[in-house]
Structure formats: structure tokens, C-alpha cells
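Try each task yourself before you read the solution.

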Amino acid sequence: MKLDIGRRHFLKVAGIGGALLASGLWKNSVIAAGDDFVFLQISDTHWGFSNPQINPDFAGTLKEEIASINTLKSPPDFIMFSGDLTHVTDDDQERRKRLTEFRKVIAELKIKDVRLMPGEHDASLDEGEAYKELLGPEMHYVFDHKGVHFIVLDNVSDPRTVLGEAQLEWLAADLKKLDKAAPIVVFTHRPLFDLVPGWEWYTRDGSEALKLLMPYENVVALYGHIHQEHHHMTGHIAHHACKGSMYPLPAPGSVPVKAPVPWDPAAPYRGLGFRTLDAHVKPVKYDLTEYSVNGEVMK
Amino acid sequence: MRLKRRAVFAVRLAAIVLVVIFIGSFSVAQEKQVIKVTAKKFEYSPSTITVKKGVPVVLEFTSLDRLHGFDCPGLGIRSDINPGKTNTVEFTPQKAGTFEFHCDNFCGTGHDKMRGTIVVTE
């Protein structure tokens, strides 16, 4: 079913114990306050995955999502793919092929402001060499959009699951330019906090990044990697995980060994999808809306 | 005669000292359990490591291909396993049991299956 704007229900992030809301006013920010806007996060598309027991529509799921995004009645200003664009392969040439195919598939998006970041499946084995060659040299970067400062961090291209000293210094230097009340959205692939370290659902030096972010009043962290919606607070910083687009993974720590959740013919595409965030800048607030693969709003 | 007795005494003393040193070194060697473990995509060898509770253990890891990791949360020990060098983990198990370990540096298609077990016996 395609998105029906009349049935659009916002998940008020403030409603989840008040914990999922970043709010506040800021003064003398170096970033000019802009209009409210919508952006979209899609994650873990794992292009190249081919196990029909897990997803028999492995070649069609992303295309279906793109069709759904293209028919959103309130198109987002930009789209962020938050890593694991492709599925891991040990073959360097196959990795390049998958990254190239991924680029071609997402060219069907009507929204042309598309932002990418790597996941460990894309970039850990060659430390981002193929990714940089085919999708651009930036593994971590910042951009500003209508009064919100977006910071994209790379916690995957070093296979040690770290941001690393150089990137932390870069982050500190970037943050120094900002007012403490500036609205900041941080994108990572893996969570910055210790969700399940034994499953590598963490960043070994993520606490260092959080320490740098903590003085800032309006920080929200968005990530992927865990293939399910999840919400968590570290102090006043809200962390929201996005669903995956190829296969779901078990709830954090719910089984001894994590493995993809098999396809359920009775509920095709269950647990997969994307989300939009309605960004309000005065006061700072983000309303999350979760969508299924076919564009249905998830309640 | 006195000189001969002194010489015999010195020889006996030296022999006793040597025996003590030998026994001492032997017992130290017995106390430290040194186990060599190789890592490669996507397995450890041996994948089951058996050690004794209360006896110090030295795990000597070498990688045969690329960077791997060793993480055993149940025993609170971890290490990177860098290729081209020996990576050492020393610990003394304080509890008997079976403890899972796994590679925690993403290493490829079989990364999630690169696992092993440490068995600590009484």
C-alpha cells in the first residue's frame, strides 16, 4: 500500500518518556535558524545480499522503497543512507560491482539531495578504498541545512570499531565553532553507546565522542546497523536506530548469537522500512514517522 | 684430608642448589599455561582452549591473513590480533566454566561465525 498522507501519523518523539525529544531555544548560534523541514533516513540496504530464506525479494526491496519514497506527498529535503549500502563480500571486485549497482539503483530517487555514509559491510575490509573510489572521498563530514548542523561520523572504516583519534580531534574542532544551543544531528552507522558490545553494537571510543557532544544542549544521534527501530538516551542525547531495508535482526541481546530474522511469508517485509524526521528548529524538536517498505505509515 | 672433605661438601652443596633451581624452574613452567592460537578467515585454531582454574594463562595469538580480534566477555579479556606479530593475552582464570569468545574486528563474510570456547577446569 502506498503512503496515504491522510493516514500520516507522527510518532511524537517527545511522547516516549520525554526522552526522545531534543528541544530548546538557542541564542547567538553561528547557524542561522531556518524553516521547519523534513529529511529521510534509510539504512542497511545491503545491496548484493542474496539469501532467499531471509529475503526472497532481495533484488526488489530497495527498489520498492525507492518507489515509496518517490510517492511521498511531503517529499523530504534530503535523504540520508546511513551505511551498509552493500552487503559484505571478500572479493574486492565484487565489492566495487555492488557499490556501482547501488549507485545506479538509487539514481531512481526523485529527490536528488542524497547523502551517503559507509557501514562496515561497505568499508571495513579495505578501509573504505572502494567506497571512496566509487561514492566519494568523504567518510566523515558536516553540512548545515536550514539551521541544523549535521555531523556524519565514520565508525566503520577502521575495522577496530573506532572513530579514532584523528576523527575525534576533527569533531572537537567542528563543535568548537558552534553555540552550545545549536541544533545538532549526528549520523553514525554503529551506535555511539554500548548497546550490545558482544554483538559489536557499539563504538569502542564512542564515549569520547559523546563526551565532546555532551556540553551541547540539542543533540540527536541517528544510526543504523541494528536493523530495527530502537531508542535510547545517554544523558540528554537521544539515540534513534533506523530499521534496515534487507532483513531484520533480533532484539538487542535477545539470543546468544545474532543472525538475520528469517522471512515470514505471512508478513512479508516485516521489520523493514525507512523513516522521516520532521525537524522543527524553534524550539528544536524532531518528529519521527516510521514507514514500511511499501510506504505505509507504521503506528 | 680436610681439603678433600671441603671439596666433597662443595660438590654436594652445588648439586643441591642445582636440584633446587631445576625443581623451581620446572614448577614455574608448570604454573604458566602457554597456548598458541592462530586466527584466519574465519576460524581460530584451536577453537577450544582448555585451561586450569587458578593457573596463569598466556594466550599467544598470530593471524595468518588479516586483522582479527579476540573478545571473551565472560573472562573480561580481549585483544586485537594483528598480522605479522604475536599478540599476547595474559590472565588467571578465577572461575571454572565454559566461556565463548569471538572475533570483534569485522573481517569478512564469515565474521559472525568466527568463534571459539575457553573451557576452565577445576
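**Exercise 1.** Find the partner of D80(B) in a salt bridge.

*Solution.* Start with the rule: a salt bridge is a side-chain nitrogen of Lys or Arg within 4 Å of a carboxyl oxygen of Asp or Glu. D80(B) pairs with R160(A), and their closest N and O atoms are 3.4 Å apart. Next, count between chain B and chain A: you get four salt bridges. Now sort the side of chain B that touches chain A by class: five residues are nonpolar, six polar and six charged. (Ala, Val, Leu, Ile, Met, Phe, Trp, Tyr, Cys and Pro count as nonpolar, Asp, Glu, Lys and Arg as charged, and the others, Gly among them, as polar.)

A quick note on the ground rules: this is a predicted model, where local features need pLDDT of at least 70 and side-chain atom pairs need 80 or more, while totals for chains, interfaces and linings use all residues. Residues are numbered from 1 along each chain as its sequence is written, chains are lettered from A in the order in which they are written, and side-chain values use heavy atoms, leaving out hydrogens and water.

**Exercise 2.** Is H121(A) buried or exposed?

*Solution.* First locate H121(A): helix α3 (residues 120–123) of chain A. (Helices are DSSP runs of H or I, at least four residues, numbered from the N terminus.) Its relative accessible area is 10%, so H121(A) is buried (under 20%, with a 1.4 Å probe, protein chains only). Then list what H121(A) touches (heavy atoms within 4.5 Å): not counting residues up to four places away in sequence, its contacts include H46(A), D84(A), Y247(A) and F106(B).

How values were computed
Helices (H or I, at least four residues) and strands (E, at least two) are DSSP runs, numbered from the N terminus. Buried means under 20% relative accessible area, exposed over 50%, partly exposed in between (1.4 Å probe, protein chains only).
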